[in-house]
Amino acid sequence: MNKETLARKLSSGDCLPLFQMADAVRLRYCGNGVHLRAIVEFSNYCSKNCLYCGLRRDNKKIKRYRMSPAEIFGAARQAAQAGIKTVVLQSGEEKAGLGELFPLIGRIKKELGCAVTLSLGEKTAAEYRALKDAGADRYLLKFETSDEKLFRACKPDSDYSARFDCIETLVSLGFQTGTGNIVGLPGQTVRSLAGDILRLKELAPDMISVTPFISNPDTPFAGTPCGDLEMTLRVLALSRIETPDAHMPATTAIRTLHKEGAGKALACGANVIMPNFTPILYRPHYSIYPGKESIIGDPSVSIRDILKMLEKMGRKVAPGYGHGRRHHTDSPL
Ligand code: 5AD
Ligand code: SF4
């Protein structure tokens, strides 16, 4: 589809046929299985000041924390014991602290038998290489918006083309790479969302995350409206249709926006859920946006709820590692 067609499908027409088509594409390319990825939000320190995000450095209202390697490993072990085969280590964009991660990545892989995904923001090529050498399998770095003007307005201390260079570097280093956007940023247009979908198609990443913008009162975007649920699902569905074999999560933000958001996303293209294994103690402080904490709950309860929902939908938990579909079969780590 070209930009005009995408913009039209985003802004008008019945969404049901679009969602059904995305669901059929998901079934054909990814099957019926839903991959579970355990997310551990191990640090909320961030050196950047993105206008939409509660972890921005100027937000003095949150208590900053960094989990110790033993705590991170403990959370990863809990995930492995729950049968989850991927651990996602996420933090704000910290200046230091990578050193501690290298041995930890190796231990999570060897001792727990889990694949490791990292989501640590923009790093140098040498740092990405060192993380890859330490054994990391995947890396998530969303471009957030493909609209350069909007990007500059929302991410004052990031450079637009440097961000895309990072994504390219990750791909060239052999990471299974994930990227994506935010839907409903203040000032974003339907044409710019259509541009995001085209950019996703061009990048052909292994994973795509589409999240609605959720307004955070402790940021400069306080009081602005949140992203629209239906628009987010349209972007998700069109991204599935245009990039059929990517893994796409039903994101926490969609679940925060609507209590049945996970089921809705799974019915129009998503095939991944990311249960939260951050220790309860730290959860309230990883406040990218409000309302997130109340929906994630205790991991064992949330996994039980996920299983119930999948059963109702005629879906199941996918076995194996759920590597990027173009990279691997389900080969061991
Ligand atoms: N609403 C939705 N998503 C957000 N993120 C940051 N702030 C918000 C918000 N207010 C997302 C960004 C980032 C990820 C860690 O969290 O997409 O990549
Ligand atoms: Fe930091 Fe990422 Fe939040 Fe920006 S989006 S403030 S880089 S955690």
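Mentor: Let us begin with a term: a residue is called buried when its relative accessible area is under 20%, exposed when that area is over 50%, and partly exposed in between. Please keep in mind that this model is predicted.

Trainee: What is the general idea behind the pairing of charged side chains?

Mentor: When the charged atoms of side chains of opposite charge come close, those side chains can pair. In this model the count comes to 17 salt bridges, and one of them joins the side chains of D157 and R57, with 2.6 Å from N to O. Because D157 sits in the loop between α6 and α7, while R57 sits in the loop between β2 and α3, the pair ties together parts that are 100 residues apart in sequence.

Trainee: Is D157 buried, partly exposed or exposed, and which relative accessible area does it have?

Mentor: D157 has a relative accessible area of 30%, so it is partly exposed, and R57 also counts as partly exposed, at 37% relative accessibility.

Trainee: Which residue forms a salt bridge with E100?

Mentor: E100 pairs with R66, and their closest N and O atoms are 2.6 Å apart. E100 lies in the loop between β3 and α4 and R66 in the loop between β2 and α3, so this pair ties together parts that are 34 residues apart in sequence.

Trainee: Which residues are linked in a network of salt bridges?

Mentor: The network links K48, E93, E122, E144 and R163.

How values were computed. Residues numbered from 1 in each chain as written. Chains lettered and ligands numbered in written order. Predicted model: local features only at pLDDT ≥ 70, side-chain atom pairs only at ≥ 80, totals over all residues. Heavy atoms only, no water. Salt bridge = Lys/Arg side-chain N within 4 Å of Asp/Glu carboxyl O. Helix = DSSP H or I, 4+ residues; strand = E, 2+ residues; numbered from the N terminus. Buried < 20%, exposed > 50% of the residue type's maximum accessible area, 1.4 Å probe, protein only.
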